[in-house]
Amino acid sequence: MTATASPSDTKGAAAPRISFVSLGCPKALVDSERILTHLRAEGYELSRRHDGADVVIVNTCGFLDSAKAESLQAIGEAMAENGRVIVTGCMGAQPEEIREKYPNLLAVTGPQAYESVVAAVHEAVPPAHDPFLDLIPPQGVKLTPRHYAYLKISEGCNNRCTFCIIPSLRGDLVSRPAGDVLREAEKLVKAGVKELLVVSQDTSAYGIDTRYASSPWRDREVRARFYDLASELGELGAWVRLHYVYPYPHVDEVIPLMAEGKILPYLDMPLQHASPSVLKRMRRPGNQERQLDRIRRWREICPDLAIRSTFIVGFPGETDAEFEELLDWIREARLERVGCFEYEPVRGATANDLGLLVPPEVKAERKRRFMEAQSHVSLRLQRAKVGKRLSVIIDEVGPTGARGRSKADAPEIDGSVHVASRRPVRPGDIVTVKIERADAYDLHGIAV
């Protein structure tokens, strides 16, 4: 995900201007929003162009080598167009590689280092704050469209998956108090947000680090627990979508909330593989037969449930037989939304020590076969929706129609619903659409 800050309408006499580039996942986007909210509160304005700014901030991603390359390219563009650049984010946790290529950066900070970023901006260009002019909305600065927002409930991760270095970049799990999360969510809904996308590194582990400590919310105490938070968010009157849900046993508890319509019938659950031997090498839960049984039970409770997952092919040592196990599993699981990635070595990941690297051409062929198998599954599931009436949230409106998403579709990563409408619709509207046509990923219909 790449986001660039847009300028506000506020005009200050000599307000310093910031250009901002946000790279990486939704969790990083929330970090960017926090930094920008702080700077806007101090009177800084936002510039659409690097060459029109007093300083440029680049929030980097450092999870994969391809992400690092994109981050270094963004830094290089900022240096070429402006020259006064502050770097933050996951790649900033390993500053040597950045400094080696760009030694004249103003500052390099790691992820979640909001105070360090703000301090570096102050040093580069002091604020010119006017409390009568420089106002920010209660929900803060957002880089998403007005009608949806990411809600981060924790930082870090306690898992030690062998392909991942997130704990070394962001540390162990640190959960926010439930009351704080709910107050932020309430502000967002009051500001017009129709969809809350709950994110973290491990959403279903929420509260484990605090022993599910309670905190005040309105007239009661709410525990920092996955189910309790989901239930309370479901009372705010917005769509609530759960992302990055690790398949712990207590995930079963939230399925009835979905069946009741309190939260969206959607689970983003990165399973990564289906072969027990590969999952063991990944240090991931390994009983996928049991997971199939759970998915069947979930669908019995909530027939509209849509499950999104991501898988890795070409993990070190993956054999033809292990890959066939994965193909068999996805055909039987019939997941609604699936992504597939070729394994990419990450510097510092323990998977690098496993050896037995899968050749690039084999990884590419396995990804092709995986996506071909999943496309057949997706097409059957999509065609079953033809003739049905679905609630759709509108994202964009064009001259010939609108594009939105059903409850089974998260922004940017899932499919779309293309909507023809006789009456005007606006972004953020939730309309009923009769589905007339389907392909493997998108739906087409008419607003009724």
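Which elements cover the buried residues of α2? The close-ups below start there. This is a predicted model, in which local features need pLDDT of at least 70, side-chain atom pairs count only at pLDDT 80 or more, and totals for chains, interfaces and linings use all residues. Residues are numbered from 1 along each chain as its sequence is written, and side-chain values use heavy atoms, with hydrogens and water left out.

**View 1. Helix α2 and its cover.** Helix α2 spans residues 65–81 (helices are DSSP runs of H or I, at least four residues; strands are runs of E, at least two; both are numbered from the N terminus). From first C-alpha to last, α2 reaches 24 Å, close to the 24 Å expected at 1.5 Å a residue (1.5 Å times one less than the number of residues). Its buried residues include A67, L72, I75 and M79 (buried: under 20% relative accessible area; exposed: over 50%; partly exposed: in between; 1.4 Å probe, protein chains only). The cover includes β2, β4, β5 and α3. G83 follows α2, with a positive phi near 95 degrees.

**View 2. The E97–R347 salt bridge.** The closest N and O atoms are 3.4 Å apart (salt bridge: a side-chain nitrogen of Lys or Arg within 4 Å of a carboxyl oxygen of Asp or Glu). E97 lies in α3 and R347 in the loop between β16 and α12, so the pair ties together parts 250 residues apart in sequence. E97 is partly exposed at 24%; R347 is exposed at 53%.

**View 3. The E155–R170 salt bridge.** The N to O distance is 3.3 Å. E155 lies in strand β8 and R170 in helix α5. Both are buried: E155 at 12%, R170 at 7%.

Technical notes: Contact = heavy atoms within 4.5 Å.
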